[in-house]
Amino acid sequence: MSLLPTLIKACYFLAALLFILGLKRMSSPRTARGGIVWAGVGMLLAVLATFFLPDMHNRSLIVAAVLIGVSAAWWTGRRVAMTAMPQMVALYNGMGGGAAAAIGAVELIGYARALGLLHVVPNTSPLQPESWAINGLPPMLSPVELSLGVLGALIGTVSFSGSLVAFAKLQGWMDKRFVFPGQRVVNMLLLAAAVVVGVVLASGHVSGPLIALFFVLALLFGLLMTLPIGGADMPVVISLYNAFTGLAVSFEGFVLGNEAMIIAGMVVGAAGTLLTQLMAKAMNRSIGNVLFGSFGAAGGEAQAIEGAQKPVEASDAAVMMAYAERVVIVPGYGLAVAQAQHKVWEFAQLLIKRGVKVKFAIHPVAGRMPGHMNVLLAEAGVPYDLIADMDEINPEFPATDVALVIGANDVVNPLAKTDPASPIYGMPILDVSAAKHVIVIKRGKGTGFAGIENALFYADNTRMLYGDGQAAAGQLVNELKSLDD
Amino acid sequence: MIDGFLALYIFMLAAFCGYEIIARVPVILHTPLMSGSNFIHGIVLVGAMIALGHAQTPFEITIGFVGVLLGAGNAAGGYVVTERMLEMFKSSKPGAGKGDQG
């Protein structure tokens with residue numbers, strides 16, 4: 001091995017090492033910020049090294065594409081509001097899946113082109129790459145490489161179209177769940193068809209139309225599989241596609257003989273799978289149930305809820321909390337939508353100044369990503385020790401004077417405990433209704449993202465404060481201030 | 001080119017590695033970690049560059065170009081978003097700002 005290829009290989013090795021160490025550092029709050037920098041250095045090394053690979057053509061095109069892609073993503077990533085982070089992760093993840101699919105496509109098209117040349121030379125078979133070099137043909141993919149390339153392309157394409165749908169849904173471009181009869185059967189048939197075409201491709205029968213059919217089927221499957229999923233399931237799906245992209249990258253890395261891609265992709269594939277499992281578990285559901293179950297579609301036989309929603313004025317709500325001993329604030333996706341985290345923290349600080357013990361309670365799947373609420377509260381400057389997770393806070397609700405629910409719905413719905421017919425039955429919830437008083441800030445009387453009625457809103461000790469999260473929190477702040485005057 | 005079994009070993013060890021790293025992570029870091037791993041599979045950019053570098057017909061070059069664009073978006077976007085998320089963790093410990101030793 002001469003010097004340059006050795007140096008390039010060394011760079012890839014260092015990159016893989018830095019990725020693993022970086023991810024490790026990101027898994028602890030103290031070292032997390034350094035972790036992303038380590039991984040970033042690894043990425044920079046790997047990309048720079050790739051420019052120096054021998055026999056690379058189209059170098060100016062590569063530079064142009066890298067510059068355009070990096071600056072566009074950098075610009076949008078910097079500009080977007082913190083609350084839109086989940087859909088940005090979905091979008092960038094979809095791009096990664098698309099890139100993996102593009103690699104697979106280029107390899108397959110190149111293979112088909114080489115097959116065309118093959119007919120000119122007798123006594124060669126696509127499945128015996130050794131015989132190719134003898135006849136002066138370019139090196140071909142081995143059967144294993146071809147199979148993994150096809151598999152990576154399939155997974156990457158599904159992740160691409162699926163992630164884009166997830167992005168569109170979270171962005172609010174596609175609010176409705178899209179369901180039609182026999183959807184599951186259609187999805188299964190699509191997947192089966194894509195797999196069959198994939199197997200034909202992997203067996204060496206590679207041709208242009210077949211490649212096109214393969215990608216169309218995979219795109220459609222990703223699209224249709226994601227369309228019916230909504231609500232609290234969205235984070236699980238994004239995490240799953242994140243793992244998918246990792247796997248696709250790993251397989252395409254094998255085809256290209258690039259160790260950095262194999263290792264980084266597989267680490268993400270495994271880490272993402274585990275993260276997806278943790279998230280599904282937090283909702284007491286399996287991944288299969290999330291993907292193919294009919295969340296929110298049960299309806300019909302659910303228990304009828306007695307009573308009416310009882311509204312409350314901001315001034316009364318503020319007084320209730322000002323003279324309370326313990327207040328627990330429960331944020332949900334509505335907080336993110338209304339960008340209310342700063343106002344809520346301002347309100348909490350005023351309460352703390354008055355001697356009220358304030359805590360924030362976070363459900364594992366509150367928001368649209370696990371830890372979504374933690375990130376938002378951290379942005380507003382809420383210190384760690386005021387934030388409690390579900391297991392920690394649930395025993396404390398009976399001793400809580402006021403539970404303030406802001407934009408959370410399904411994660412505080414008592415029906416999850418009492419109504420076996422409810423689609424969210426069995427999901428662990430925050431036991432808000434055990435508090436002496438509950439105040440719910442909510443935009444209107446409608447059901448939540450999952451379309452399920454919430455018995456909490458009709459409970460005797462619940463008062464509804466209608467309004468946008470930020471506006472309502474602002475009113476509460478003003479009312480508290482006027483109490484002191 | 002990598003030998004099949006060698007690749008299998010790499011697959012296995014890398015998967016184990018990823019699993020172990022995530023196994024004991026506080027919920028508070030789930031989102032940044034998902035975002036961070038989203039950045040790490042941005043390494044697909046390197047593969048897309050290689051694919052474009054070896055592409056020959058205009059059609060292959062077009063697809064390769066799109067691949068590099070998407071891969072670059074994944075890497076750069078993933079980094080920016082993760083960095084912005086993690087930036088928020090600095091203020092959580094009053095007084096720890098000086099050393100900034102992560």
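Now try C11(A), which has 19% relative accessibility and counts as buried.

A quick note before moving on. This is a predicted model, so local features need pLDDT of at least 70 and side-chain atom pairs count only at pLDDT 80 or more, while totals for chains, interfaces and linings use all residues. Residues are numbered from 1 along each chain as its sequence is written, chains are lettered from A and ligands numbered from 1 in the order in which they are written, and side-chain values use heavy atoms, with hydrogens and water left out.

**Stop 1: the whole of chain A**

Colour chain A by secondary structure: there are 18 helices and six strands. Helices (H or I, at least four residues) and strands (E, at least two) are DSSP runs, numbered from the N terminus. The chain has 485 residues, and 56% of them are buried. Its accessible surface comes to about 19,300 Å², with 65% belonging to carbon and sulfur atoms; such areas come from the Shrake-Rupley method with a 1.4 Å probe, and for residues only the protein chains shown count as cover. Take the contacts (heavy atoms within 4.5 Å) between residues at least 6 apart in sequence: 75% join residues at least 24 apart.

**Stop 2: a nonpolar patch**

Select F13, L14, L17, L21, V37, W38 and V41 in chain A: together they make a nonpolar surface patch of about 600 Å². Two elements of chain A give two or more residues to it, α1 (3-26) and α2 (32-51). Which helix gives the most to the patch? That's α1(A), with four residues. Click on F13(A), which sits in helix α1 and is exposed at 57% relative accessible area.

The patch rule goes like this: members have over 30% relative accessible area and no salt bridge, and nonpolar side chains (Val, Leu, Ile, Met, Phe, Trp, Tyr) are joined within 5 Å, or like charges within 9 Å. A salt bridge is a side-chain nitrogen of Lys or Arg within 4 Å of a carboxyl oxygen of Asp or Glu.

**Stop 3: two annotated spans**

An unreviewed UniProt entry places the feature "transmembrane region" at several spans of chain A, including 89-112 and 261-280. UniProt annotations may be inferred rather than shown by experiment. Select 89-112 in chain A: the span is 100% helix, and its end C-alpha atoms are 35 Å apart. Residues 261-280 of chain A are also 100% helix, with end C-alpha atoms 28 Å apart.

**Stop 4**

Draw a line from its C-alpha atom to that of G272(A), 81 residues away along the chain: the separation is 42 Å.

**Stop 5**

Most residues other than glycine have a negative phi. D55(A), in the loop between α2 and α3 (59-79), has a positive phi near 50° and is exposed at 59% relative accessibility. Finish at Q339(A), in the loop between α13 (333-338) and α14. Its phi is positive too, about 55°, and Q339(A) is partly exposed at 35%.

How values were computed:
Buried < 20%, exposed > 50% of the residue type's maximum accessible area, 1.4 Å probe, protein only.
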